[in-house]
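Here is a quick tour of one model, taken a piece at a time. Have the sequence and the 3D view open as you read.

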Amino acid sequence: TTYIRDDLRLDWRTPIRLQSLAHREKVDIMKLLSKCADNACAALRGAAALGQVVLVTLARSPWVRDSCANFFPKVASIIQELRIHVVYAQEGEQIEYD
């Protein structure tokens, strides 16, 4: 979110396609985000090949879902496909590790 909000100066709650940007700037940002998503997907797949993957964040729910929907739909698909559990640490959720 820091990169999206502070570096790119985008509204993290708004899908990239609805951001108020010049067309060329939007295309450039979408290319960068796609490359980032490809790397994240590769990392998640690699980790899942080694064992159970759990995403832990200090953000509040539904940050992972919304951020993925707005900027990283490929990552959202991988999280769902691999059944990766998201833990929101501020909510104090506890999970069992088998």
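Arg83 sits in the loop between H4 and E2. Helices and strands here are DSSP runs numbered from the N terminus (helices are H or I with at least four residues, strands are E with at least two). With a relative accessible area of 76%, Arg83 is exposed; the cut-offs are under 20% for buried, over 50% for exposed and partly exposed in between, using a 1.4 Å probe and protein chains only.

A word on what you're looking at: this is a predicted model, where local features need pLDDT of at least 70 and side-chain atom pairs count only at pLDDT 80 or more, while totals for chains, interfaces and linings use all residues. Residues are numbered from 1 along each chain as its sequence is written, and side-chain values use heavy atoms, leaving out hydrogens and water.

Val75, Ile78 and Ile79 are the buried residues of H4. Looking down the H4 axis, these buried residues fall within an arc of 100°, so they line one face of the helix; the arc is taken from the directions that run from the helix axis to the C-beta atoms. An α-helix has 3.6 residues a turn, so residues three or four places apart point the same way.

Pro73 and Gln80 are exposed on the other side of H4. The cover over the buried residues of H4 includes H2, E1 and H3.

## H3 against H4

What is the angle between the axes of H3 and H4? They cross at roughly 135° and come within 6 Å. Axes are lines fitted to C-alpha atoms, for helices over the stretch in contact, and angles run from 0 to 180 degrees between N-to-C directions. H3 and H4 are therefore oblique to each other; under 35 degrees would count as roughly parallel, over 145 as roughly antiparallel, 65 to 115 as roughly perpendicular, and the rest is oblique.

H3 brings Val64, Cys68 and Phe71 to the contact, and H4 brings Pro73, Val75, Ala76 and Ile79. Contact means heavy atoms within 4.5 Å. By class, that's seven nonpolar, no polar and no charged residues. Nonpolar covers Ala, Val, Leu, Ile, Met, Phe, Trp, Tyr, Cys and Pro, charged covers Asp, Glu, Lys and Arg, and the others, Gly among them, are polar.

## The buried residues of H3

H3 spans residues 63-71, and its buried residues are Val64, Ser67, Cys68, Asn70 and Phe71. Their cover includes H1 (2-7), H2 (23-50), E1 (54-57), H4 (73-81) and E2 (85-88). Asn70 counts as buried at 11% relative accessibility. Leaving out residues up to four places away in sequence, Asn70 touches Trp12, Arg13, Thr14, Pro15 and Ile16.

Cys68 counts as buried at 8% relative accessibility, and Cys41 does at 10%.

## The loop between H1 and H2

Leu10 and Arg9 both belong to this loop. Leu10 is buried, with a relative accessible area of 5%, whereas Arg9 counts as exposed at 70%. Arg9 also has a positive phi, near 60°.

Beyond its neighbours within four places in sequence, Leu10 is in contact with Ile4, Arg5, Ile16, Gln19, Leu21, Ile29 and Phe71.
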